[in-house]
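Thanks for coming. I will go through one structure today, starting with a contact and ending with a sheet.

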Amino acid sequence: DQQVKQNSPSLSVQEGRISILNCDYTNSMFDYFLWYKKYPAEGPTFLISISSIKDKNEDGRFTVFLNKSAKHLSLHIVPSQPGDSAVYFCAASVASGTYKYIFGTGTRLKVLA
Amino acid sequence: DSGVTQTPKHLITATGQRVTLRCSPRSGDLSVYWYQQSLDQGLQFLIQYYNGEERAKGNILERFSAQQFPDLHSELNLSSLELGDSALYFCASSATASGELFFGEGSRLTVL
């Protein structure tokens with residue numbers, strides 16, 4: 001049962017344009033969401049997070065949007081840069097005392113120069 | 001550098017064998033998580049420890065076990081290894097039982 005889904009395995013975007021990565025979840029109890037970026041041969045690194053009490057969180061070029069009714073979140077990268085080329089994972093957790101983070105399968109972003 | 005150290009980085013072994021993967025969390029982090037990433041798969045949650053105690057369990061096989069020691073480092077033991085156990089095993093830590101995870105670089109296990 002895949003509770004967190006990233007339905008696009010890959011995405012290519014021109015440098016300078018917007019990258020939009022999507023993530024859907026099925027468990028309405030999830031109340032904290034994170035995005036991680038992973039380069040080859042490295043561990044995932046934290047990018048940005050959002051709590052379910054918000055619908056938007058911004059950090060520089062990265063913005064995460066949360067649509068609770070649709071159980072959908074998205075990561076916007078503006079403007080996209082070649083160094084953003086990586087695999088992006090979304091993750092979700094439930095604040096029930098057992099914080100196990102459930103990750104999606106990832107989206108490979110390629111930013112073309 | 002996330003501050004999370006995993007050893008070994010690479011490990012090749014045969015079916016039926018047993019291996020131990022080690023993780024040292026960031027200084028001061030009490031919580032340790034183990035994840036498995038098989039080829040082209042997402043990060044599958046295995047198990048979480050918080051200050052020495054098991055906190056949450058995911059899809060961890062009975063052949064696998066883990067523990068967190070008083071100095072907060074953790075070990076993941078994989079036994080009776082099968083070809084399908086070949087994967088990247090990541091350890092992550094966080095300061096509390098919640099919050100942002102910091103990942104190590106992973107231990108790549110190859111079972112031949």
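Before the first residue, one definition: by contact I mean heavy atoms within 4.5 Å. Please also keep in mind that this is a predicted model.

Setting aside the neighbours within four places in sequence, Glu42(A) has contacts with Phe90(B) and Glu105(B). Where in chain A is Glu42(A)? Glu42(A) sits in the loop that runs between β4 (32-38) and β5 (45-51) of chain A. Its relative accessibility is 36%, so Glu42(A) is classed as partly exposed, given that buried means under 20% and exposed means over 50%.

That takes us to the interface as a whole. How many residues does each chain bring to the contact? Chain B brings 20 residues and chain A brings 16 residues. As a reminder, the size of an interface is often quoted as the accessible area that is lost when the parts come together. Here the area buried between chain B and chain A comes to about 1600 Å², and carbon and sulfur atoms give 61% of that. On the chain B side, the residues that lose the most area to chain A are Leu43(B), Glu100(B) and Phe103(B), which together make up 28% of what that side buries. For salt bridges across the interface of chain B and chain A, the count under the rule is zero.

Next, the disulfides. Over all chains, the structure holds two.

In chain A, the disulfide is between Cys23(A) and Cys90(A), with the sulfur atoms 1.9 Å apart. The link of Cys23(A) and Cys90(A) is right-handed, with 65 degrees about the S-S bond. What does this pair tie together? Cys23(A) belongs to strand β3 (residues 19-25) of chain A and Cys90(A) to strand β9 (residues 86-93) of chain A, so the link connects parts that are 67 residues apart in sequence. Both Cys23(A) and Cys90(A) are buried.

In chain B, Cys23(B) is joined to Cys91(B) by a disulfide, S to S 1.8 Å. The torsion about the S-S bond of Cys23(B) and Cys91(B) is about -55 degrees, so this disulfide is left-handed. Cys23(B) is in strand β3 (residues 19-24) of chain B and Cys91(B) is in strand β9 (residues 87-94) of chain B, so the pair connects parts 68 residues apart in sequence. Are these cysteines buried or exposed? Cys23(B) has a relative accessible area of 0% and is buried. Cys91(B), at 0% relative accessibility, also counts as buried.

Strand β3 of chain B brings us to the sheet. Four strands of chain B make an open sheet in the order β1-β3-β8-β7, with antiparallel pairing. At the edges are β1 (5-7) and β7 (64-68) of chain B, each with a single partner strand, so one side of each has no neighbour in the sheet. On average, neighbouring strands of this sheet are turned by 15 degrees against each other, direction ignored.

Within that sheet, look at strand β8 (residues 74-78) of chain B, which runs antiparallel to β7(B) and is joined to it by five bridges. One opposing pair here is Ser65(B) and Asn77(B), the latter in β8(B). β8(B) also pairs with β3(B), again in the antiparallel sense and over five bridges, with Val19(B) having Leu78(B) as its bridge partner in β8(B). How buried is β8(B)? Five of its five residues are buried, so β8(B) is largely enclosed by the rest of the structure.

In a regular strand, side chains alternate between the two faces of the sheet. In β8(B), Ser74(B), Leu76(B) and Leu78(B) point one way, while Glu75(B) and Asn77(B) point the other way, and all are buried.

Last, two hairpins in chain B. β7(B) and β8(B) form one with five residues between them, and Leu72(B) in the turn has a positive phi of about 80 degrees. The other is built from strand β5 (residues 44-50) and strand β6 (residues 53-57) of chain B, antiparallel and joined by four bridges. Tyr50(B) has Glu53(B) as its bridge partner in β6(B). There are two residues between these strands, and Asn51(B) takes a positive phi near 50 degrees.

Conventions:
Residues numbered from 1 in each chain as written. Chains lettered and ligands numbered in written order. Predicted model: local features only at pLDDT ≥ 70, side-chain atom pairs only at ≥ 80, totals over all residues. Heavy atoms only, no water. Disulfide = S-S within 2.5 Å. Buried < 20%, exposed > 50% of the residue type's maximum accessible area, 1.4 Å probe, protein only. Pairing = 2+ DSSP bridges. Axes fitted to C-alpha atoms, helices over the stretch in contact; angles between N-to-C directions. Buried area = accessible area lost by both parts, 1.4 Å probe. Salt bridge = Lys/Arg side-chain N within 4 Å of Asp/Glu carboxyl O.
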